[in-house]
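Work through the exercises below with the structure open. Each task is followed by a stepwise solution.

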Amino acid sequence: MRGEVAQFLIAGGLAYVVDVAVFNLGLYLGLDGVTAKIVSSVPATIVAYIGNRYWTYRHRERTGVGREYTMFFLLSAIAAGIQAGCVFVSNHVMGYTSPLADNISGNIVGMALGTLFRFWAFRTFVFKHKEPEPARPTAPAMSNAGGES
């Protein structure tokens, strides 16, 4: 599991770079923090899917690209909602609306919470462990111990 966690964090780190870059570009272009966080999650999720499917969880059972992709994006949308929710609370409950506050709430606090959710959800629902095949009963070996022909 240690290797899986490390690979998950590396693949996620690449997705994180994409997320932060697109998020800050959105802020620069005038999007509000919540919208920028939702927009930035889309390309980041694509990068994360590729890294996780073809590297982190490549040894796990394949249950169909359509099913995996749908589940991955659904669960990633929930995680993005966690992140956007952190920005929402920072902006509308706590009154912090600066780009720095948006980055702290969305890309540090929200990302930490979202990452914990993603790791659990992807391992549990998207990239499942292969179930061991049941042992087949074998016929008893015939021996010629009694000298019969």
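The model is predicted.

**Exercise 1.** Classify Arg123 as buried, partly exposed or exposed, then find its salt-bridge partner.

Solution. 
1. Arg123 has a relative accessible area of 22%.
2. Buried means under 20% and exposed means over 50%, so a value in between is partly exposed.
3. Arg123 is therefore partly exposed.
4. Its side chain meets that of Glu4 in a salt bridge, 2.7 Å from N to O.
5. The pair links distant parts of the chain: Glu4 sits in helix α1 (residues 2-28) and Arg123 in helix α4, 119 residues apart.
6. Glu4 has a relative accessible area of 8%, so Glu4 is buried.

**Exercise 2.** How many salt bridges does a search of the whole structure find? Describe the ones that involve helix α2.

Solution. 
1. The search finds three.
2. One of them joins the side chains of Asp19 and Lys37 at 2.9 Å, N to O.
3. Asp19 lies in helix α1 and Lys37 in helix α2 (residues 33-56), 18 residues apart.
4. Asp19 is buried at 2% relative accessibility, and Lys37 is buried at 0%.
5. Another joins Glu68 and Arg53 at 2.5 Å, N to O.
6. Glu68 is buried at 1%, and Arg53 is buried at 0%.

**Exercise 3.** Which helix gives the largest share of the nonpolar surface patch?

Solution. 
1. The patch consists of Tyr16, Leu100, Ile104, Ile108, Val109 and Leu113.
2. Together they have about 540 Å² of accessible area.
3. Helix α4 (residues 99-126) supplies five residues, the largest share.
4. Leu100, found in helix α4, is exposed, with a relative accessible area of 60%.

Definitions and conventions: Residues are numbered from 1 along each chain as its sequence is written. This is a predicted model: local features need pLDDT of at least 70, side-chain atom pairs count only at pLDDT 80 or more; totals for chains, interfaces and linings use all residues. Side-chain values use heavy atoms; hydrogens and water are left out. Patches are made of residues with over 30% relative accessible area and no salt bridge: like charges are joined within 9 Å, nonpolar side chains (Val, Leu, Ile, Met, Phe, Trp, Tyr) within 5 Å. Accessible areas come from the Shrake-Rupley method with a 1.4 Å probe; for residues, only the protein chains shown count as cover. A salt bridge is a side-chain nitrogen of Lys or Arg within 4 Å of a carboxyl oxygen of Asp or Glu. Helices (H or I, at least four residues) and strands (E, at least two) are DSSP runs, numbered from the N terminus. Buried means under 20% relative accessible area, exposed over 50%, partly exposed in between (1.4 Å probe, protein chains only).
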